[in-house]
Amino acid sequence: MQRPHIKFNSIVLVLLGACFLSSISSYGRQSPNSTSPPNILIITVDNVGYGDFSFMNEASPILTPNLNKLAKQGAILTDFYTGSPTCTASRASLLTGRIPQRNKLDYQLGGLAGNYGIGLPQTEIIIPKVVKNSPYDYQTGAFGKWNIGFAPGSRPTERGFDEFLGIASGNVDHFSHVYAGRHDLYHNTTSINRHGEYSTDLFANAAIDFINEKTNKKKPWMVYLPFDAPHHPGDRNIAPGEENIWKAPDYAFKPYGLSPDEKDPKKRFNVIVTAIDMAVGRLMDSLDELGIADNTFVFFYSDNGAFYPYLDIQSNAPLSGAGVTLWEGGIRVPALVRWPGKVKANSTINTRLWSLDLMQAAANLSAAELPQDRYYDGKNPLPVLTGKTSHSPHASMFFKYNGQEALIWGDYKILRESNSEPWKLFNITEDISESKDLAETRPDLVKKLEEPFKLTDAEIKSDLEREKSNLMHNNLN
């Protein structure tokens with residue numbers, strides 16, 4: 001009685017495989033004889049500004065030869081946005097493919113209660129859970145900063161990741177891995193002590209080990225590598241009596257000819273970013289050594305804009321504002337993509353995309369079905385990334401954070417720092433630095449953009465009520 005069932009599953013798998021190969025070939029295959037589904041590598045850095053990387057800003061003094069090489073091997077995205085200007089909400093929107101108001105984590109988790117609480121509702125489905133629906137048996141790993149809730153049921157290995165090594169909170173001391181007096185480093189769900197190992201290296205090495213293991217077992221993989229650097233650790237995470245400075249390993253000072261005792265905060269920040277670059281270089285080298293670089297989709301971006309441009313430590317140039325704001329400097333972030341043979345090398349993509357699109361990318365790359373019981377704000381970015389179209393899949397982009405509101409539509413953006421204030425209006429195509437407010441001279445455009453903002457806001461509230469009603473109905477049944 002089992003044989004027909006087995007035969008049916010085999011037929012389905014064959015058909016899915018055929019569909020997968022057909023869809024991938026439309027984006028350009030490096031080797032026509034390859035039948036291996038692509039590996040997926042998503043790398044984020046913490047609070048690096050639009051102007052901090054020299055591949056975005058030639059005037060940047062920060063040394064990042066490996067990321068510059070990655071940019072030449074792939075494409076620079078000049079118009080890439082994060083879903084929120086703060087760490088927690090930006091990560092939740094990336095992993096769910098849904099804007100913060102829709103996934104219900106539209107604020108920053110703080111303190112032990114916040115970081116060790118539920119955080120992102122456990123009804124939300126994140127990228128690795130979707131990738132696990134692939135017929136290709138993807139292996140999934142997360143290595144780095146979690147910051148979306150670490151209560152039982154909320155931890156990475158309980159949400160679709162096969163392995164996790166990282167921190168539960170948003171910012172720790174990079175060498176002691178302490179958060180607010182509590183040791184905050186975990187392997188899967190077990191607290192571990194790796195005191196003295198620099199977090200950037202710790203996370204990158206864990207990712208490399210995972211990739212080596214799964215590749216040697218001929219398994220496709222999806223890795224999420226959210227570095228916690230260069231985020232400043234904050235006073236509450238520094239041991240009593242210890243100086244709170246930007247911390248980096250001694251070897252990362254050498255390219256600058258600096259001593260690890262250097263006191264200048266700007267120079268120390270630069271060194272931290274270079275340490276990330278070195279770790280990314282080792283990771284890219286490992287893909288080459290394994291012979292899988294051509295079959296790996298790599299996406300790199302900053303979770304939100306720089307927090308310290310006003311102190312001349314970081315740069316969002318030429319953008320205005322900083323992290324935790326909805327000015328371009330808070331939400332428009334540096335980004336790179338590499339997928340040899342599919343993404344054109346040494347190219348620039350000016351089409352507007354955002355971090356929520358990576359859920360759709362992962363589903364398409366892995367031939368996995370998305371759940372049909374919820375709305376996704378992200379759209380498939382692969383046609384844009386592979387040059388099939390230059391048109392954005394987004395008619396508009398909606399943002400709300402901590403009383404601030406914004407909507408982008410075409411060349412224009414409305415913005416207000418409080419919903420009690422009038423809207424500002426900018427042409428962000430001609431005025432990327434948002435220096436000229438057009439609201440008084442073009443009230444017609446303000447009204448035109450305000451209408452979809454209001455409609456989207458109302459639609460989200462209606463959608464949440466519908467989801468709540470469906471959940472209650474399912475629980476009763």
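Select Arg-155 in this predicted model; the residue sits in the loop between strand S4 (139-145) and S5. Its relative accessible area is 17%, and under 20% counts as buried, so Arg-155 is buried. Show what surrounds Arg-155: apart from neighbours within four places in sequence, the residues in contact with Arg-155 are Trp-146, Gly-149, Phe-150 and Thr-189.

Tyr-186 is in S8, and Gly-166 stands opposite. Select residues 163-167 for strand S5 and residues 185-187 for strand S8: the two are paired in the antiparallel sense, over three bridges.

Now display the whole sheet. S5 and S8 belong to an open sheet of ten strands, in the order S9-S8-S5-S4-S10-S1-S11-S12-S2-S13, and the pairing is mixed. Go to the two edges, strand S9 (190-191) and strand S13 (347-349): each has a single partner strand, so one side of each has no neighbour in the sheet.

Select residues 65-73 for helix H2, which lies across strand S2 (75-77), strand S11 (296-302) and strand S12 (335-338). H2 runs at about 60° to S12. Then select residues 357-366 for helix H10, which lies across strand S1 (39-45) and S11. The angle of H10 to S1 is about 160°.

The axes of H2 and H8 are 7 Å apart, and the helices pack at an angle of about 50°. H2 and H8 are therefore oblique to each other. To see the contact, show Pro-65, Asn-66, Leu-67 and Leu-70 on the H2 side, with Asp-277, Met-278, Val-280, Gly-281 and Met-284 on the H8 side. Coloured by class, this contact has six nonpolar residues, two polar and one charged.

Turn to the aromatic side chains, where the structure holds 23 pairs. Select Phe-297 and Trp-339: the ring centres are 5.8 Å apart and the planes stand at 85°, so this pair is edge-to-face. Phe-297 belongs to strand S11 and Trp-339 to the loop between S12 and S13, so the pair ties together parts 42 residues apart in sequence. Phe-297 is buried, at a relative accessible area of 1%. Trp-339 also counts as buried, at 1% relative accessibility.

A second pair to select is Trp-423 with Phe-453. Here the ring centres are 5.2 Å apart and the planes are at 70°, so the pair is edge-to-face. Trp-423 is in the loop between strand S17 (412-416) and strand S18 (424-427), and Phe-453 is in helix H12 (residues 443-476), so the pair ties together parts 30 residues apart in sequence. Trp-423 is buried, with a relative accessible area of 8%, and Phe-453 is buried, with 3%.

For the last stop, select residues 396-401 and 404-409, which are strands S15 and S16. The two strands run antiparallel and are joined by six bridges. They form a hairpin with two residues between the strands. Finish on Asn-402 in the turn, where phi is positive, at about 50°.

Terms used: Residues are numbered from 1 along each chain as its sequence is written. This is a predicted model: local features need pLDDT of at least 70, side-chain atom pairs count only at pLDDT 80 or more; totals for chains, interfaces and linings use all residues. Side-chain values use heavy atoms; hydrogens and water are left out. Two strands pair if DSSP finds at least two bridges between them. Helices (H or I, at least four residues) and strands (E, at least two) are DSSP runs, numbered from the N terminus. Contact means heavy atoms within 4.5 Å. Axes are lines fitted to C-alpha atoms, for helices over the stretch in contact, and angles run from 0 to 180 degrees between N-to-C directions. Angles under 35 degrees count as roughly parallel, over 145 as roughly antiparallel, 65 to 115 as roughly perpendicular and the rest as oblique. Ala, Val, Leu, Ile, Met, Phe, Trp, Tyr, Cys and Pro count as nonpolar, Asp, Glu, Lys and Arg as charged, and the others, Gly among them, as polar. Rings of Phe, Tyr and Trp (its six-membered ring) pair if their centres lie within 6.5 Å; planes under 30 degrees apart count as stacked, over 60 as edge-to-face and the rest as tilted. Buried means under 20% relative accessible area, exposed over 50%, partly exposed in between (1.4 Å probe, protein chains only).
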